[in-house]
Amino acid sequence: MKQAMTPEEIKEKKPYLDWSLSEAEYNYISETLLGRLPNYTETGLFSAMWSEHCSYKKSKPVLRLFPNKNSRVLQGPGEGAGVVDIDDGQAVVFKAESHNHPTTVEPYQGAATGIGGILRDIFSMGARPIASLDSLHFGEIKNDSQMQMKVENTVRGIGDYGNCMGIPTVAGETTFDPCYQGNILCNAMSVGLMEQKDIQKGTATGIGNAVMYVGAKTGRDGIHGATFASADFSDENATQRSAVQVGDPFMEKLLLEACLELITEHPDWLVGIQDMGAAGIVSSSAEMAAEGKSGMTLNLDLVPQREPEMSAYEIMLSESQERMLLCVNKGHEDDVQKIFAFYGLEAVTIGRITAGHDYVLFHDGQEVCHIPVTSLTDDVLEEESAEKMPARIEKAAAMPAWQPQIIDAGETLRQLLQQSTIADKSSLYQQYDSQVRTNTVVGPGSDAGVIRIRGTRKGLAMTTDGNGRFVYLNPEVGGKIALVEAAANIMASGAEPLAITDCLNYGDPHDPEIFWELHHSVQGMAAACREFDTPVISGNVSLYNENNGQAIHPTPMVGMVGLVKDIDHVIPSFAQHAGDQVFIVGKTGDDYAGSELQKMLTGNISGVVNDFDLHHVHEYMRRLLAEMQTGRVASAHDLSEGGLGVALAETLFKTDLGLDLNLGHMTTAQLFSETPGRFIVTVPADQAESFAQSLGDDAVCVGEVTNSHWLALRLANGEVYQNVSELQQRWEEALPCQLKSRD
Amino acid sequence: MRIAVVVFPGSNCDIDLYEALHSVCQADVEYVSHHEKSLAGFDAVMLPGGFSYGDYLRAGAIARFTNIMPAIIKMANEGKPVFGTCNGFQILTEAGLLPGALKRNDCQRFVCKTIPLEVVNNETVFTRQYQKHERIALPIAHADGSYYADQKTLDQLEENHQVVFRYAEENPNGSLHNIAGIVNERGNVLGMMPHPERAVEALLGSSDGLRLFKSLLANGTAKVEA
């Protein structure tokens, strides 16, 4: 087939600029890497592989700040997903990935294919996905029918894909803020379980071995999805639907079963396996060849195609879903084909591993690409980035701190419970199957989801957490808070934090202020990762989250997994028995900057987020966990948005109990302060003394659980006396009501 | 009693049924692929939940044409126990082993939660260990669970005591007569939208579904007489 432009025309007309390849990069490729002008197909391959989405060329220097090893980590970043040892020869595999741009443009398919992509990353490692989580950040929904529809369709997309795959969605978070109005965030996380002996790699080695294509046919969907993800939004590209892929969860379910059968039952046939994710065939094949230090030749005429007359460029860059690339030992091609045929799937040999290090493509009988493998993967120019502290942060430091005026603390609590970010999310998560595979011990609506590992006493706790408001006001402290919040959710469930995955969602990194936000928030996260010994084992970076020049709040999402040693010691998040003593763990300060209270009362967020002593917080959290593991704790709930007041109400919802507390050491405003690292813990009366002793100054006993369904609080400067049923009704009805509101 | 759990392409609660029978009830249970043509040697067959053939065309509409289906129909006709939950129920109605059809939920959404049911008929091989009118809690997880049949069929179902489970408080999907599960006239084929196999361990929230499997297993290999 004829190339759309000659190399000389490309040099002259510079179409690569539209594909987000810079002139400097193009010149470096022509002059230094190839010593000639790249043809049209090659230029397309470079532009995709050198995009931020595939190469992390801008974020790499920052990502190096993260710790990614400890004694449990079996596989860190760089493969499909990270792998952590959970003893007994078993491993947990997890990763999170953003699908922000596709979900903004086409919420249903964007969210659905986000789930599909992350699941393939998990089973390409040889693990069976056992749970999914999400982290969704939308614009305000009140009276905005377009945003309401985006919420509905995003949730439906996640549900339809995950439900059909038979993988329970067990936890997540959903927040609302005007900064996401033009660019919503959809981050999906998947957790898998495997035997350590089955760990796979995305590698291709052995001269003459087959490169096999399995799964769905290739169409024209999602071409340049990777570069689409690496550029800003504007009204102009709101119509870029062709860059969004279409998902088929039924096909993926078959692909999952076929791949796992091949991996676990015929390990000797398989050399390597990788998902065809961003940048489709080119990224999977080039990365596998680079990993194996091999050469590779592919014949694109053999690629199963859904549409006629696709060009080499289109075949290579298509992001059609539900496809995998395998490297199979020579002679076993037919065996592999038979396994996939049982599931009604295609498995086709499209190329071979070759001697040398060249990446060669044939199409229509002609050679359309002949370049060194590593020029696509390893030679990408890292970009230096300018950075500058945003003016708003300097300004905020010079301003007096905002102090809330609370007139009626009970009324303030009622209103906070109806804020969309705090309100009950069951109308959303009930659309997800949270129980399939019958291992879900704790489902959505708690601090963390908990899955038991069948046949053992062990369990896995998991959570996703990100709060862009704190990071916006203070990237470094906000980054620490994100990690502490995740660890608090894991530990409140009775689990020990193992490791994290992340999605780093930011605006355009060419803006020095945004790069500064990225750099400093990662610094904060990395410090907290080191303190909690939770290395970053996988993740992704999503930059360019802007619409018409308006960036989102910097929103790093932390996905954490923890190990429950004895599933009988999973701690519920709600009160259990009347007469249990109530403790607040962690000190409460005047932390209102970026709080839900500030947002509700002033309509905006401002101020300085106070720093805190990471080591001290971690130290008493460990003592709290030890108490849980000895069975002394009846319930524990992490304090987050809305502070102690909201957490106390949540502790009582879905029970028929009440609380009678003396909070004379706190003001009514402090009831809603969002100081990180705090818990509300209930302890059986006969254990209260030893609990109090272990926690020392870090816990204070404030009262007890009662049989009346009332929340009764006596504070230094006021009282709260609220009927819990009424509070619960407001909390439950708020979100469904706001999702229907019209002007 | 040897029980077959049929695996269709897209079944995903097959493991839930299998483990409920194997790990919890210590029953003799085996997966059987939809490719198979025979269920010889099995005393009962169970059709799991999930999304057979991706629910494409209509939930259960394609699965009824698989190789295994004639063998399932044969077992039903022989009076052996045949059980379908969720997608399994949908397949049983599509195959004509149970009357009526399951439509899209009233709310147009997938719904996953645990809800109260009433045991209406405790005289089937599947429900003998329940009390009549007993309230139990079972999980539901479906988008197409709104039971529909014409008036004559509904009258017959009521008259013959073929309604086995009803939604007790809230009807989550718009099912007529609040129907959650029915048997055929002979009483050996049970289809239900709720998932008893997800409620067999207190650790996971409810064990109210356990007695359904225990009822069947206690019954041994006995057939239901026509």
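This is a predicted model: local features need pLDDT of at least 70, side-chain atom pairs count only at pLDDT 80 or more; totals for chains, interfaces and linings use all residues.
Helix axes here are lines fitted to C-alpha atoms over the stretch in contact, and the angles between them run from 0 to 180 degrees between N-to-C directions. Helix α19 (residues 475–492) of chain A and helix α20 (residues 512–532) of chain A have axes that come within 6 Å and cross at roughly 40 degrees. Angles under 35 degrees would count as roughly parallel, so α19(A) and α20(A) are oblique to each other instead. Their crossing is right-handed. On the α19(A) side, the contact draws on residues including A:Pro475, A:Val477, A:Leu483, A:Val484 and A:Ala487. From α20(A) come, among them, A:His520, A:Val522, A:Met525, A:Cys529 and A:Phe532. Sorted by class, the residues of this contact come to 12 nonpolar, 6 polar and 3 charged.

Helix α20(A) also leads on to a sheet. It lies across β17, β18 and β21 (555–564) of chain A, and runs at about 170 degrees to β17(A). These strands belong to an open sheet of 6 strands, laid out in the order β14-β15-β16-β21-β17-β18 (chain A), where the pairing is mixed. At the edges sit β14 and β18 (536–542) of chain A, each pairing on one side only. From one strand to the next, the twist averages 20 degrees. Strand β17 (residues 496–505) of chain A runs parallel to β18(A), and 6 bridges join the two. Within β18(A), A:Val536 is the residue that stands opposite A:Ile500.

Another open sheet of chain A also has 6 strands, in the order β1-β2-β3-β6-β4-β5 (chain A), again with mixed pairing. Here the edge strands are β1 (73–75) and β5 (169–176) of chain A, and each of them pairs on one side only. The twist from one strand to the next averages 20 degrees. Strand β4 (residues 128–138) of chain A pairs with β5(A) in the parallel sense, over 7 bridges. Two phenylalanines face each other across these strands: A:Phe138 stands opposite A:Phe176 in β5(A). Helix α7 (residues 107–123) of chain A packs on this sheet, where it touches β3 (90–98), β4 and β6 (185–195) of chain A. The direction of α7(A) makes about 25 degrees with that of β6(A).

Helix α7(A) has a helical partner too. The axes of α7(A) and α10(A) come within 11 Å and cross at roughly 5 degrees, so the two helices are roughly parallel to each other. A:Gly116, A:Leu119 and A:Phe123 make the contact from α7(A), while α10(A) brings A:Pro249, A:Glu252, A:Leu256, A:Cys259 and A:Leu260.

Terms used
Residues are numbered from 1 along each chain as its sequence is written. Chains are lettered from A and ligands numbered from 1 in the order in which they are written. Two strands pair if DSSP finds at least two bridges between them. Helices (H or I, at least four residues) and strands (E, at least two) are DSSP runs, numbered from the N terminus. Two residues are in contact if their C-beta atoms, placed from the backbone, lie within 7 Å. Angles under 35 degrees count as roughly parallel, over 145 as roughly antiparallel, 65 to 115 as roughly perpendicular and the rest as oblique. A crossing is left-handed if the near helix is turned anticlockwise from the far one by less than a right angle, and right-handed if clockwise. Ala, Val, Leu, Ile, Met, Phe, Trp, Tyr, Cys and Pro count as nonpolar, Asp, Glu, Lys and Arg as charged, and the others, Gly among them, as polar.
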